[in-house]
Amino acid sequence: MERKKLDIGLYGFTGCNGDQLVIIHSEDKLLDFFASANIRSFSLAKSDNEQTPLDIAFIEGSISSQEQVEHVQEIRQRSALLVAIGNCACYGGIQAMELGREGWDRRFQSVYGENFFEVRTPIESKPIDAFVAVDFRLPGCPIDADQFFAVYSSLIRKTKPQMPDYPVCAECRWRENECLLLKGQLCLGPLIAGGCKAVCPSHNLPCVGCFGPVEEANVSSEFALLKEKGFTVEEIRRRLRIHSGSGVLKSLKNLFGEV
Amino acid sequence: MREILVEPLARVEGDGGITIRAEGKKVHEVRFDILEGTRLVETLVIGKTPEEDVSITCRICAICTLSHRYAALRGLEKALGIEVPPKVQALRSLMHLGELLESHSLHVFLLALPDFLGYPNAVAMAEKYGPEVVQALALKKFANHVMTVTSGRMIHGENPTVGGFGKYPEKDILLDIARQAQAMIPFAEKAVGLIAGLSVPDYFEDDTVFMCCEPGDDGFGLMGDRIRISDGKVVDAKEYRTLTNEKFSPHSAAKHCLYQGKPYTVGAIARCNNLGERMNGLAGKLFKKHWNKRWLRNPVFNNLAQAIEMVWALEQVSKTVDAVLQYPDDPPIVKPTRQSGEGVGSVEAPRGTLYHAYRIQDGLVAEANLIIPTGQSLEDIEKYMRKAVEILLSQGADDSAIRLQAEIIVRAFDPCISCSTHMVRFERHDPR
Amino acid sequence: MRAVKLKKSHLKGFLTCVGGWGELWGPVKRNGRHVLESIGDIKDIDLTALRTTLPFKKLLFPPKFSMFRYDANGFQDTLSAIPKRVIFGLHACDIKALCILDEFFAKEYKDPYYYERRNRTAIIGHSCIPDDKCFCNATDNETVTEGFDLFLSDLGDFYLVWVGSSLGDDMVRECPKLIDTNVGHEDLKKYIQFQKHRSEQFKRQIDLTGMPDIVELSMDSPVWEEEGEKCLSCGACTIVCPTCPCYNVNDENDLGKPSGERMRQWDSCMFREYSLVAGGHNFREARAERLKLRFTHKLQSFVGKFGKPACTGCGRCIDTCPVGIDIFTMVKKLQGEEVRS
Amino acid sequence: MSAAVEIQNPYLPEPYRLIRRYPLTDDVHFFQVRAVDMDRALSLKYSPGQFMMVSIPGIGEAPFSISSTPSRPGLIEFGIRRVGRITDQIFKLKENSVLGVRGPYGTGFPVDKMEGKNLVIVMGGLGAIPLRSLLQYALDNRDRFAHLALIYGARTPGDMLFRKEFLSLMDRDDIQCLLTVDKDDTGKWPGHVGLPTVLFKHLTNLNPKDTNLVVVGPPVMYKFIVAEALKLNIPKHQILMSLERRMKCGIGKCGHCIIGGYIYTCLEGPTFSYWDVTHMKGLI
């Protein structure tokens with residue numbers, strides 16, 4: 001059954017553009033990808049970009065200027081479906097880290113002084129859903145290529161993609177690694193959504209949490225366990241906040257209260 | 001007023017653009033706008049452990065993620081009194097070569113070349129240059145593979161960590177990398193010939209200063225604790241502030257740098273101009289064959305410099321693999337010898353010198369200062385563009401010609417890959 | 001059952017010889033852990049390996065595999081030849097688990113994916129000395145009499161080799177120079193001594209008598225809630241368990257085409273989605289309910305069905321759970337003992 | 001090289017053609033299918049209460065109760081509610097398209113044992129889908145059952161599945177048809193208004209030992225209906241029900257439908273007696 005090709009667009013806001021680059025770096029799939037839909041806009045890969053109505057908009061990056069707010073709202077208006085890709089778009093990314101020390105204004109000043117921009121009006125970085133409705137989230141810093149193409153294939157078939165419902169630990173066991181928590185390391189695996197194939201623990205390095213929270217994180221048990229291993233609440237929180245932009249903390253708060 | 005706006009310039013590590021304002025033959029303004037949203041990374045790392053810092057700062061850029069990681073590791077390890085064993089050094093060199101190849105192959109083949117050959121993009125170029133495009137993609141894929149094997153994943157791999165690596169790659173995989181690198185050299189050599197054959201416009205040539213890391217040991221390289229400047233000086237990287245003199249520019253979220261009040265250039269062309277004589281092997285031959293004095297005055301030769309560096313890097317890969325395999329696996333991670341200290345890490349990212357300067361207090365980052373290559377070349381980018389626009393206007397060039405030339409200049413600096421694909425959006429305002 | 005002898009110095013030659021029957025797999029040490037891997041060089045095999053991180057089940061139903069392909073014309077079976085394999089180094093508990101899985105995948109509807117692999121797999125067991133996590137003495141799995149082709153017991157300078165199948169017999173016959181068929185009284189005495197010595201090495205004492213009844217009467221015990229609050233729902237216990245067969249199914253589409261593959265992937269009753277039905281109702285929303293399912297399954301219902309627990313005493317869950325919820329501690333807690341996990 | 005596959009693959013869906021479809025309510029549609037292979041279509045045996053696995057390539061597979069009766073062979077009917085990714089796609093299918101179906105699976109109602117006795121069928125909501133199979137079976141074999149009664153409770157007349165079909169039974173004298181709605185906005189509803197439990201008083205005086213009561217409905221319904229059945233002194237093993245569970249295989253392997261530790265609903269269910277329920281944890 002031949003389907004009509006969908007109109008899609010890919011956009012990057014504030015971030016490292018790693019998620020779009022993951023797609024571009026998937027050399028073996030690139031031709032199929034470009035053939036699978038009418039790619040109306042993908043500024044990282046092509047130049048003849050159009051501002052047309054879209055079936056799906058994929059958005060990378062967080063929103064960090066007034067101009068970006070307007071742009072993302074404009075994309076939302078002409079897109080039937082809006083998909084946030086990558087940790088920045090889904091949760092705000094590192095730049096939306098809650099520091100609990102000083103406000104964004106002060107930090108901005110400490111980098112740029114009393115200067116002001118002529119070309120942009122910076123605001124504190126926030127995830128996409130702080131400004132427009134997001135229909136689907138594909139987390140990761142960066143996203144996993146296989147997961148992206150699986151999700152993408154579902155979306156262009158107009159069906160809701162299946163996402164892992166399990167934490168990184170499951171993938172870590174599948175890869176036959178030793179549990180780093182049992183080795184006394186500050187691993188965030190149990191709280192973080194699978195999808196990355198447990199890449200860090202597979203290199204003997206604790207999960208840093210770059211895929212955001214798993215839907216059913218048992219935060220209190222993880223905290224209790226880590227405290228038992230000798231970590232302070234302050235250390236655990238700090239680690240959890242690195243890749244947990246404001247978006248993650250919001251969901252963790254729902255589960256656990258303040259983190 | 002005639003206004004040529006290039007916005008969005010898709011991205012220069014995000015969001016950028018070109019603004020040209022002119023009236024008649026008089027240029028009012030030529031700006032390379034960096035519109036990227038501010039991330040304040042230097043403030044994010046305060047109070048973090050060194051490991052956490054590395055995980056944060058590498059995410060500044062997806063293309064040079066490993067250069068950021070490498071610079072951070074070197075700065076932090078200096079501060080913490082960590083001496084990594086030679087195996088770790090060798091493996092870091094390998095990952096760094098992988099990144100150079102990834103970034104350069106993307107820029108040279110997919111972004112810069114189509115312009116010169118008169119195509120809108122690499123896919124269109126494939127019609128006439130099919131095998132070349134296929135091989136270019138194979139080279140990029142290989143480079144991504146090297147990054148994946150050494151760092152854990154293609155982008156933001158966490159494997160290179162403070163004091164060493166989480167895990168060493170398997171021997172068989174490394175040997176295969178060495179073999180593949182050798183097999184790619186003939187194509188890379190051919191690419192140098194192809195790019196050397198392109199005509200480089202000369203009307204905007206001008207003097208400038210070049211800066212890069214001094215690798216020491218009389219070799220060509222991508223990392224060193226001293227900075228070599230084309231005026232003959234060699235300065236300790238700890239003095240980076242006096243070299244870079246960051247200043248705020250109201251149209252740019254990236255700060256501009258000046259050396260002794262003057263613009264300067266970093267990147268492949270700076271490395272080749274300062275150190276190219278030291279290249280040996282095939283890369284050395286190619287350098288001697290193609291280098292001439294115009295390289296000192298024309299940034300567009302950066303494309304050719306990158307092509308030669310790719311040959312150098314491919315030759316270097318097998319040597320580096322041998323070095324990695326020569327040492328035993330243990331110990332994988334070296335512990336800090338102190339909990340407080342200062343350190344500056346300087347490495348050559350594909351597009352130029354990158355500094356990560358840290359002060360560590362009781363095991364946590366107390367101060368951080370990061371200086372990125374694109375910021376250092378910004379003044380030169382604007383300088384050359386302005387000169388080009390002035391000349392073109394005096395010759396009565398139309399907007400599209402000006403646009404193309406501005407693009408070629410900005411793109412030559414490779415400010416960050418993707419920006420070059422479609423940087424100019426045209427808005428013509430009729431003179432009042 | 002027939003028994004023969006194999007000198008230890010002949011092991012390498014023997015494995016090379018049986019390697020001719022299929023791809024040889026065995027335990028090797030990787031990154032500090034024992035894992036079952038395809039063996040390139042026989043000297044990589046670690047004979048001291050006790051429990052591999054993942055049990056042999058990964059070879060009989062891999063963590064993820066394609067069931068069949070589909071395209072615009074319908075569904076196409078892709079069940080094709082699977083390589084012949086010889087798995088060396090399974091212990092008594094593993095072989096018991098294999099027997100349980102054989103029975104499970106055969107009942108009602110025979111699972112072709114399991115049996116296509118199983119039928120092409122030869123099993124050569126190897127004796128072991130229990131460590132502080134083993135409790136196969138409590139699950140009645142100390143020795144095995146079926147489920148293997150050959151089983152090697154380490155009796156010092158030689159192995160006593162039980163021949164468990166006609167294939168095993170063929171394997172022995174193929175290497176006549178390496179095999180000593182003359183098993184005498186002294187050899188059997190040594191074997192019995194070894195078994196006795198082995199039995200004395202268990203450090204964990206646990207009694208599973210009456211477990212089905214204890215579980216039945218403990219449904220309202222606060223233990224479930226307590227453990228449920230600790231459980232991280234990571235599924236590690238089920239992933240490493242040699243008798244856990246549950247799986248999930250997902251269709252993976254070829255990019256931009258109407259074709260693709262139906263993939264089967266290990267699932268876990270510890271995952272939230274496991275008992276979630278379309279429409280959103282979850283029959284086991286609470287973690288305590290999921291634990292109840294797991295332990296009822298292993299310790300009670302399975303006994304009712306098959307006359308033995310679905311736990312082989314391999315100790316993998318003890319070795320794996322970061323918060324100490326394993327069969328051993330659960331049994332102790334349900335029996336009313338104070339356990340510090 | 002490749003050895004012949006020795007075992008027939010029970011996971012492989014068979015091609016079925018969608019013959020007819022029409023809405024029963026807003027979100028529940030009727031789907032009539034038939035095996036493309038006519039021999040297969042005509043030889044297919046099943047019993048009321050069984051289910052089949054329906055596949056949409058690229059989306060997945062899910063279990064659906066059979067709503068047709070084996071006494072009318074050839075065609076299989078389903079009532080499907082649109083609730084998720086798979087049913088979304090099933091709802092997009094046009095008549096005459098081909099889909100993948102395998103089964104029948106599960107243990108149906110023990111019709112052999114039920115014959116000769118009174119049969120009370122109690123449906124709520126979607127419970128009408130599997131029980132229509134049993135009802136039609138009993139009607140087609142009317143002489144094999146003693147008293148036959150149907151109780152169906154829906155929210156409103158518009159929510160009642162197979163409404164016309166059931167309303168037409170009200171005229172028959174060989175079945176006691178008690179239909180009720182919680183609320184009637186139409187004002188034209190010919191049946192009762194109120195909870196189905198209140199209809200029990202209308203039931204003809206039945207000898208409980210010779211009566212089977214079958215109930216399928218939303219989870220909340222079971223408790224109340226079972227209580228009524230027990231009041232009538234119907235033995236627990238003669239109170240029957242059918243349960244919904246997540247299923248990925250339908251053949252006792254994937255584990256998702258497991259209850260009480262080792263009961264695979266797909267094999268030993270989905271029909272159970274109330275006696276099963278009382279001694280199996282987590283059944284309802």
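Let's start with a rule for angles: under 35 degrees counts as roughly parallel, over 145 as roughly antiparallel, 65 to 115 as roughly perpendicular, and the rest as oblique. This is a predicted model, where local features need pLDDT of at least 70 and side-chain atom pairs count only at pLDDT 80 or more. Residues are numbered from 1 along each chain as its sequence is written, and chains are lettered from A in the order in which they are written.

**Exercise 1.** Work out how helices α8 and α10 of chain B are oriented towards each other.

*Solution.* Step one: two packed helices are described by the angle between their axes and the distance between the axes. Step two: α8(B) covers residues 268-275 and α10(B) covers 302-326; they pack at an angle of about 75°, with their axes 8 Å apart. (Helices are DSSP runs of H or I with at least four residues, and strands are E runs of at least two; axes are lines fitted to C-alpha atoms, and angles run from 0 to 180 degrees between N-to-C directions.) Step three: α8(B) and α10(B) are therefore roughly perpendicular to each other. Step four: who makes the contact (heavy atoms within 4.5 Å)? From α8(B) come A268(B), I269(B), R271(B) and C272(B), and from α10(B) come N302(B), A305(B), Q306(B) and E309(B).

**Exercise 2.** Decide whether S202(A) and G103(A) are buried, partly exposed or exposed.

*Solution.* Step one, the cut-offs: buried means under 20% relative accessible area, exposed over 50%, and partly exposed in between (1.4 Å probe, protein chains only). Step two: S202(A) has 3%, so this residue is buried. Step three: G103(A) has 41%, so that one counts as partly exposed.

**Exercise 3.** Describe the surroundings of S202(A).

*Solution.* Step one: find S202(A) in the loop between α7 (168-174) and α8 (219-228) of chain A. Step two: leaving out residues up to four places away in sequence, S202(A) touches R175(A), N177(A), K197(A) and K167(B). Step three: the side chains of S202(A) and R175(A) are joined by a polar contact of 3.2 Å (a pair of N or O atoms within 3.5 Å; within protein, one must be able to donate a hydrogen and the other to accept it, and residues adjacent in sequence count only if both atoms are side-chain atoms).

**Exercise 4.** Give the strand order of the six-stranded sheet in chain D.

*Solution.* Step one: this open sheet runs β4-β3-β6-β1-β2-β5, with antiparallel pairing (strands pair if DSSP finds at least two bridges between them). Step two: the edges are β4 (60-65) and β5 (76-81) of chain D, each pairing on one side only.

Technical notes:
Side-chain values use heavy atoms; hydrogens and water are left out. Contact means heavy atoms within 4.5 Å.
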